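Please look through this model with me before we discuss it.

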Amino acid sequence: MSTGAVRWLEPLQRSVPGLGTGVLARIARFDDALTGLLAAFPVDHGLAPETRSLHLRQVRQRLAADSLLSLAVPARHGGHGYPAGIQALLQFACGYHDVNLRDSTGLGHGQLIADHATPQARDRWLPAILAGAVPGIAITESQGGTRVHATTTHAVAAGDGTWRVTGVKTWISRLTEAAVFCLFFTSPSGQLTAAVLDASSAGLSRQLITPAGLSGWAWGELRLDQVTIRPCDILGQPGDGMRLLRGHFAAYRPLVAATALGAAAAVHDHAAAVLACRRHDGTIPRVRDSALITLGRTWAQVNAALLGAVTAHQLAATGHPDAETWGCGVKAHAADIAYQAASELALLEGAAGFTASSLAVKVRADLNALLYADGIHDSLYRSAGRNLITSATPALPGTATAPIPQPRDSPDQALAST
Ligand SMILES: Cc1cc2nc3c(=O)[nH]c(=O)nc-3n(C[C@H](O)[C@H](O)[C@H](O)COP(=O)(O)OP(=O)(O)OC[C@H]3O[C@@H](n4cnc5c(N)ncnc54)[C@H](O)[C@@H]3O)c2cc1C
C-alpha cells in the first residue's frame, strides 16, 4: 500500500486525465527521489538560510539529472509530455515534503520563457532551466502587487536599439538563487512589457528581507539601475505585459494551490498518526468525535480543492476562456483551506504541535506566505467575482432578454495581482 503523498493521489486515478498506473508509479518514483534527496540535502528550518537555499537548488538540479524535473513539461519544450494535470500532482508531492520545494519541478516562471521568448532567449534559457537553473519573476513594487497597472520600473531607449530599465521590485522570491527573471516594466512608450532578465546583468543589486515563512529562498528587493534590455529579451511584443501576466498566472496559481494542499495533507497524516499512536499506547481511551470530524472534514476539503487545482491547471493548458477565473478562485480557496486545515489539525496534537520545531508550525508559516505570494486573496476573489459578473447573463431565468456584451478587460479587472 502507498504511503505519504502518493496515498492521497491514488484515488484520483479515475478523475485525472493521464493518471494511469504507469504515471502514478512515476510520481511515486519522484516522491521517493524527493525523500532521498532531502536526506542528502536537508532543508530543515533550523539550518542556516544559505544552506537551505543551496540544498533547494541541489534538489532541483538532481531531479533534473534524473529526468524527473520535466515529467509534465510539454515535449515541444523538451519535457516528457505527461498531461498538464500531472504537474499539479507533482506539486502536491513537493508540498507534502516541504512548501519550499515548489520550485523543484517543472518550468515554474520559466513557462513564460518557454511560451513567449524569442528563439535566441529561449535557446539561451530553456535548456538551463530544464537542467535545474531557477527562474524567478519580478513584478511587485512598493505601490502594491495588486496595482500592476501602476508599475513604475521604466525603460528608456538607449539609441542603439536597446533599452535601459530602472526601478525597484520588492517582495521578490528566489532573489539570489534565480539565474533568470521574467521582469515586468513599462516600455519607453509607457506600456506594460515583460522581458527576460539575466540575473547576472550589470546594474542589478539586491536587498534581503527576512520572511516569516517560505524562508528557504532568499526574498527581498531587486533594484535595477539602467539595466540593458535588448530586443531579443522581450517576451511577446512590447505592450504584451498584462496579457502575458494573466495567461501565465492562470496556469501557475493552480500549481501553487496544489503545493499548499500537499503541505496540508502532510499535517493531516501527521495528526492522524499522532492520534492513532495515543490511542494505541492507551494515552487516550478512544479518539473523540470532535477530532474525527476535524480529520474527516479537512480530508474532504483537501481532496476537493486538489481536484479543483488539477481542473484549473488543465483549463489553463487548453486555453479555456474561464481559466483565469479558475486560477484566481482555486489558488485563493486552496491556500485558505490548506492554512485553515493545518491550523485546526495542529490543535489535535496539543502543545506538541506548537513547538518551534513541529511540522505544523513550520507548515503554517509557509502556508501563511502563500496567502500573499502569487496573488493576495481578497484581490483574487475579487478578480474571479468580476469575471463572473462580466460573463453573467443579465436576465432572470425564464425571461428572454439577450445578454449584453460586457468588456472583459476593464482597467480594474486587469489588476492581475501577482
Ligand atoms: C513569500 C512571498 C513571495 C513573493 N514572491 C514574489 C515574487 O517572486 N515576485 C513578485 O513580483 N512578487 C512576489 N511577492 C509579492 C506578492 O505577489 C504580493 O505580496 C501580492 O501581490 C500583494 O501585493 P502587496 O503585498 O504589495 O499588497 P497590496 O497590493 O499593497 O495590497 C495589500 C492589501 O491592500 C488592499 N488594497 C489595495 N488597494 C486598495 C484600496 N484602494 N483600498 C483598500 N484596500 C486596498 C489589497 O486588496 C490587499 O488586501 C511575494 C510575496 C510573498 C509574501
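This is a predicted model: local features need pLDDT of at least 70, side-chain atom pairs count only at pLDDT 80 or more; totals for chains, interfaces and linings use all residues.

1. Start with the ligand. The shell around the ligand holds 23 residues. The closest are I139, G144, G145, T146 and Y372. Sorted by class, the shell has 11 nonpolar, 10 polar and 2 charged residues.

2. Where does the ligand lie relative to domain 2 and domain 3? Both domain 2 (135-240) and domain 3 (242-391) give residues to the shell, so the ligand lies between them.

3. Next, helix α8, residues 289-317. Its 29 residues should span 42 Å at 1.5 Å a residue. The end C-alpha atoms of α8 are 42 Å apart, which agrees. Just after α8 comes G319, with a positive phi of about 70 degrees.

4. Helix α9 covers residues 323-348, 26 residues in all. From first C-alpha to last, α9 reaches 37 Å, close to the 38 Å expected at 1.5 Å a residue.

5. Strand β6 (residues 204-208) is hardly covered. The count of buried residues among its 5 residues is 0. β6 runs antiparallel to strand β7 (residues 219-229), and 5 bridges join the two. To find the pairing on screen, look for S205, which stands opposite R223 in β7.

Conventions
Residues are numbered from 1 along each chain as its sequence is written. Helices (H or I, at least four residues) and strands (E, at least two) are DSSP runs, numbered from the N terminus. The expected span of a helix is 1.5 Å times one less than its number of residues. A residue is near a molecule or strand if its C-beta atom, placed from the backbone, lies within 6 Å of it. Ala, Val, Leu, Ile, Met, Phe, Trp, Tyr, Cys and Pro count as nonpolar, Asp, Glu, Lys and Arg as charged, and the others, Gly among them, as polar. Domain bounds come from an automatic or database domain assignment. A residue is buried if 20 or more other C-beta atoms lie within 10 Å of its own, exposed if 12 or fewer, and partly exposed in between; C-beta atoms are placed from the backbone. Two strands pair if DSSP finds at least two bridges between them.
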